[in-house]
Amino acid sequence: MSTLNVANVTDGTTSVPTGYVVNGSAKAFNHLNSNLSVANSLNISSCTDEGGSAPNTWSMNMTSAMDNTNYVVTSTADDNAARVLSIVYTSSSAYKSHVYVTNSPSSSTGNVAHSTVHGDLA
Amino acid sequence: MIAHLWDRLADAKARLDPVQSKYRVLFENPAEPEAPASVLVPDPNFMAAALAGDVLPPIDTYIRDQSVPDGQPKEHPYAEPVGAMTEEEAIEYLVMKDISPSIWRDYNGNRTIMKIVPVELIPSDRSFRNAWKISQAEQEIAA
């Protein structure tokens with residue numbers, strides 16, 4: 001693995017400190033299907049479908065933990081039957097998405113939920 | 001110098017194909033007997049990193065870090081990476097990392113509250129998702 005050790009990034013006209021790039025990039029993301037599969041992700045070790053009647057709870061576990069629980073999760077859902085209702089920060093390495101999904105046979109292939117994590121790594 | 005775990009994960013994602021595990025972990029929380037069974041889904045990029053080796057830290061660093069207060073330095077980001085695992089070893093690693101020790105280590109009851117099962121045994125019909133329980137019958141797995 002190679003390392004660039006630079007203080008600033010520039011496109012020839014505008015220059016920004018690399019701290020803006022490092023601190024501003026997403027530290028984790030996941031694209032979750034309700035058919036119990038993960039379509040794409042970064043820094044996620046597992047997702048747990050905790051079930052329940054609506055809303056369902058999905059717990060995301062990160063491989064490289066955040067420094068504290070004051071990180072930020074942005075979560076969305078597509079499919080007309082899915083809604084992200086709230087995020088619960090359970091620890092520096094896990095958070096829960098409460099997602100309203102329709103518990104029906106057809107929901108097993110739809111109701112896609114996604115989330116991104118910003119903040120400081122441990 | 002060991003690269004930060006996040007950097008190793010980003011590098012692994014760029015060079016390794018994701019691996020969809022053929023296993024799921026079913027578990028129940030003994031503290032919430034009325035709650036439905038949970039289903040842990042291994043992340044495909046995590047599985048790829050575990051099977052390739054030299055990315056993930058030793059599991060005991062995560063367990064020790066659970067008692068480290070927020071804001072204090074944690075051990076797992078800069079721990080020496082472990083070698084390649086089998087898929088079964090990677091699932092056991094995930095159980096210890098992402099499931100409470102009260103379920104996989106401390107529970108002494110007679111009820112089976114955790115099972116590692118092939119993915120095809122998880123029901124695809126979520127009609128009764130709020131009532132899924134781990135079957136207590138021998139060789140019978142799902143809800």
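Let me start with chain A, where, among contacts between residues at least 6 apart in sequence, 54% join residues at least 24 apart. Please keep in mind throughout that what you see is a predicted model. Chain A has one helix and ten strands, and if you follow the elements from the N terminus on, the order is β-β-α-β-β-β-β-β-β-β-β. The chain has 122 residues, of which 34% count as buried.

Now let us turn to the place where the two chains meet. How many residues does each chain bring to the contact? Chain A gives 35 residues and chain B gives 36 residues. On the side of chain A that touches chain B, strand 4 (37-42), strand 5 (44-51) and strand 6 (56-62) of chain A each supply at least two residues, and strand 5 of chain A provides the largest share, with eight residues. If we sort this side of chain A by class, we find ten nonpolar, 21 polar and four charged residues.

Seven strands form an open sheet with antiparallel pairing, in the order 8(A)-9(A)-6(A)-5(A)-2(B)-1(B)-3(B). Strand 8 (83-91) of chain A and strand 3 of chain B stand at the edges with a single partner strand each, so one side of each has no neighbour in the sheet. From one strand to the next, the twist averages 25 degrees. Helix 4 (residues 87-98) of chain B packs on this sheet, where it touches strand 5 and strand 6 of chain A together with strand 1, strand 2 and strand 3 of chain B, and its direction makes about 70 degrees with that of strand 5 of chain A.

Within chain B, consider strand 1 (residues 23-27), which is largely enclosed by the rest of the structure, because four of its five residues are buried. Strand 1 of chain B pairs with strand 3 (residues 114-118) of chain B in the antiparallel sense over five bridges, and three bridges join strand 1 to strand 2 of chain B, again running antiparallel. In strand 3 of chain B, the bridge partner of B:Val25 is B:Ile116, while that of B:Arg24 is B:Val117.

Next comes helix 1 (residues 5-15) of chain B, in which B:Leu5, B:Trp6, B:Arg8, B:Leu9, B:Ala12 and B:Lys13 are buried. Why do we say that they are on the same side of helix 1 of chain B? They cover an arc of only 160 degrees around the axis, and that places them on the same side of the helix. On the other side of helix 1 of chain B, B:Ala14 and B:Arg15 are exposed. The buried residues of this helix pack against strand 4 of chain A together with helix 2 (44-52) of chain B.

In soluble globular proteins, nonpolar side chains tend to be buried together. Here the largest nonpolar core has 43 residues, and those that touch the most other members are A:Ile44, A:Cys47, B:Leu9, B:Phe27, B:Leu40, B:Ala49 and B:Ala50. If we leave aside neighbours within four places in sequence, B:Ala49 is in contact with B:Leu9, B:Ala12, B:Leu16, B:Val55 and B:Leu56.

I will finish with two backbone details. Most residues other than glycine have a negative phi. A:Asn43, however, is a residue other than glycine with a positive phi, near 60 degrees, and it is found in the loop between strand 4 and strand 5 of chain A. B:Asp54 is likewise not a glycine and has a positive phi of about 65 degrees, and it lies in the loop between helix 2 and helix 3 (59-65) of chain B. Which of these positions is buried and which is exposed? A:Asn43 is buried, with 27 other C-beta atoms within 10 Å, whereas B:Asp54 counts as exposed, with 12 C-beta neighbours inside 10 Å.

Definitions and conventions: Residues numbered from 1 in each chain as written. Chains lettered and ligands numbered in written order. Predicted model: local features only at pLDDT ≥ 70, side-chain atom pairs only at ≥ 80, totals over all residues. Contact = placed C-beta atoms within 7 Å. Nonpolar A, V, L, I, M, F, W, Y, C, P; charged D, E, K, R; others polar. Buried ≥ 20, exposed ≤ 12 C-beta atoms within 10 Å, placed from the backbone. Arc of directions from axis to C-beta. Core = buried A, V, L, I, M, F, W, Y, C linked by C-beta atoms within 7 Å. Pairing = 2+ DSSP bridges. Axes fitted to C-alpha atoms, helices over the stretch in contact; angles between N-to-C directions.
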